[in-house]
Amino acid sequence: MIAERILDDRPMTRLQFIAVGICVALNALDGFDVLAISFSSPGIAAEWEISRAELGVVLAMELFGMACGSILLGMIADRIGRRPIILGCLVLMAGGMYLASTVDTVITLLMTRFATGVGIGGMLATINAMVAEYSNARHRNFNVILVATGYPLGVIVGGSIASLLLTYFDWRAVFLLGAGMTAGLIPAVWFLLPESISFLAHRRSPTALQDINGILRRMGHVTINALPNVKVASSKSSWRDLFSPRLARITTLLTISYFAHIMTFYFIIKWIPKIVVDMGFSAALAGGVLVWANVGGATGALLLGWVSHFVRVRLLVIMTMAGAVVMINIFGQEQANLGQLALIAAIAGFFTNSAVVGLYALFAQSFPTHLRAGGTGFAIGIGRAGAALGPVIAGFLFAGGFSLSAVSFVMAMGSLIAVAALLLLPDPR
C-alpha cells in the first residue's frame with residue numbers, strides 16, 4: 001500500500017489533527033496580519049493627513065506582495081517542500097509587522113507592508129496544499145475549508161484585542177501585536193509540523209522512504225516497503241503543466257473567479273473601518289464592525305464546510321457568490337445606526353468569505369499533488385491583483401465623489417463575474 005493511500009483510507013490520527021490545527025492557526029495569522037492595516041488606517045490617515053486615494057494604495061500594498069508571494073513561493077514549495085516555505089514566511093511576516101510599527105513615512109510603510117504580503121501570500125498557497133495532503137479522503141474538503149476559516153477567526157480574535165489596544169494606544173500597537181503572535185507560532189511549526197508525505201513521495205529524494213516511514217510512525221500508521229512506481233514531475237515543467245490541455249481551462253477559470261470575487265471581498269473588508277469612522281464613530285467602534293463582518297465570515301465558512309459533505313463545493317460557492325452580490329449592494333445603502341450596519345456587515349461577510357473558502361477547496365480538488373501548491377499559488381497570486389485593485393478602485397471612486405451605494409454597486413460586480421466563470425468550470429471530480 002502506498003503512503004498516500006494510507007492517509008486517504010485510514011482514520012485521521014492525532015498528528016494529522018495537530019497539523020490541521022496548526023494550519024488553522026497559521027491562516028488566522030494571515031487574516032490578522034492582512035487586516036492589521038485596516039484596523040490602523042484611521043489612525044494613520046489622521047496622524048499623517050493622507051487622502052483617501054493615498055490610503056487606498058496603503059491598504060492595498062500588502063495585497064501586491066501577496067500576489068508575488070503566492071506565485072513565486074507557491075511554486076518553490078512544490079520544489080523544495082511545504083515546511084521550509086512555511087517557516088520562511090513566518091519569519092518574513094513577523095519582521096514585516098514589527099518594522100511597520102517603527103516607520104514614519106508612507107513610503108517606508110508601503111515597503112514593510114509589501115514584504116509582509118510576500119510572506120502571507122506564500123503561506124496561503126502552501127498551507128492549502130499542506131492540509132489537503134495531511135487529510136484523509138473523507139474529510140479533505142472540510143479540513144481545507146476549516147483552515148480557510150482561520151482567516152476570519154484571526155481577525156475576530158486579533159481584531160477584538162486590537163480594538164481594545166486602540167482605546168489606550170495608537171495604531172502602532174496593532175502591528176506589534178501581529179509581530180508577537182506571528183513569531184510565537186514558529187516553534188509550533190518547527191516541532192509539530194513535519195513535511196507533507198505526498199510531497200516527499202513525489203519528489204523522491206534519496207532519503208524519501210526513510211522520511212515517509214518516520215512520519216507514518218509518528219502518525220501511528222503502518223509503514224511502507226517501497227515508494228510507488230510513478231513518474232517524477234519535473235520542477236521545470238510545473239508552469240507549463242498548469243496550462244497543459246488537461247489543466248488550462250481549470251487554471252484559467254479558477255484564476256478569473258478568484259480574481260473577480262476577491263476584489264469584491266477586499267473592498268468591504270478593507271474599507272469598513274474608514275467608512276464607519278467617516279460616519280462619526282471612533283476607530284475602536286469601527287474595528288468592532290469589522291470584527292462582526294468576520295464573525296459572519298467565520299460562521300459562513302464553517303457552515304459551508306459542513307454542507308460540503310452533502311453538496312458539491314462548486315454549487316455552494318456559486319450560491320454564496322450570488323448572495324454576496326446582493327449583500328454588498330445592501331451594505332451600500334444608508335443604515336439607521338451602528339448596530340444595523342454591523343448586522344449587514346456580518347451577513348455580507350457570511351456570503352463573501354464562504355465563497356473564498358469554497359474556492360480554496362476547489363483549488364485542492366482541481367490540481368494534482370506535484371502542482372497543488374504551485375497551482376493554488378498561481379490562482380491566488382494572480383487573483384490577488386483583484387484583491388489589490390478592490391481597495392484602490394474604491395478609493396479613487398470615493399475621491400471622485402461617488403456615493404457609498406454607487407461604489408458598492410460597482411464593486412459587487414466582481415462576484416457576479418466570478419459566478420459566470422464557475423458556471424463554465426469542469427466538474428473537479
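Analyst: Buried means under 20% relative accessible area, exposed over 50%, and partly exposed in between (1.4 Å probe, protein chains only). This is a predicted model, in which local features need pLDDT of at least 70, side-chain atom pairs count only at pLDDT 80 or more, and totals for chains, interfaces and linings use all residues. Residues are numbered from 1 along each chain as its sequence is written, and side-chain values use heavy atoms, with hydrogens and water left out.

User: What makes Arg 140 and Asp 8 a salt bridge?

Analyst: A salt bridge is a side-chain nitrogen of Lys or Arg within 4 Å of a carboxyl oxygen of Asp or Glu. The N to O distance between Arg 140 and Asp 8 is 2.6 Å, so the pair qualifies. Arg 140 lies in helix α6 and Asp 8 in helix α1, so the pair ties together parts that are 132 residues apart in sequence.

User: What makes Glu 62 and Arg 113 a salt bridge, and are these residues buried or exposed?

Analyst: Their N to O distance is 3.8 Å, so the pair meets the salt bridge definition. Glu 62 is buried, at 0% relative accessible area, and Arg 113 is buried, also at 0%.

User: How do you know that Cys 68 is in no disulfide?

Analyst: A disulfide is a pair of cysteine sulfur atoms within 2.5 Å. The nearest cysteine sulfur to that of Cys 68 belongs to Cys 89 and is 13 Å away, so Cys 68 is in no disulfide.

Definitions and conventions:
Helices (H or I, at least four residues) and strands (E, at least two) are DSSP runs, numbered from the N terminus.
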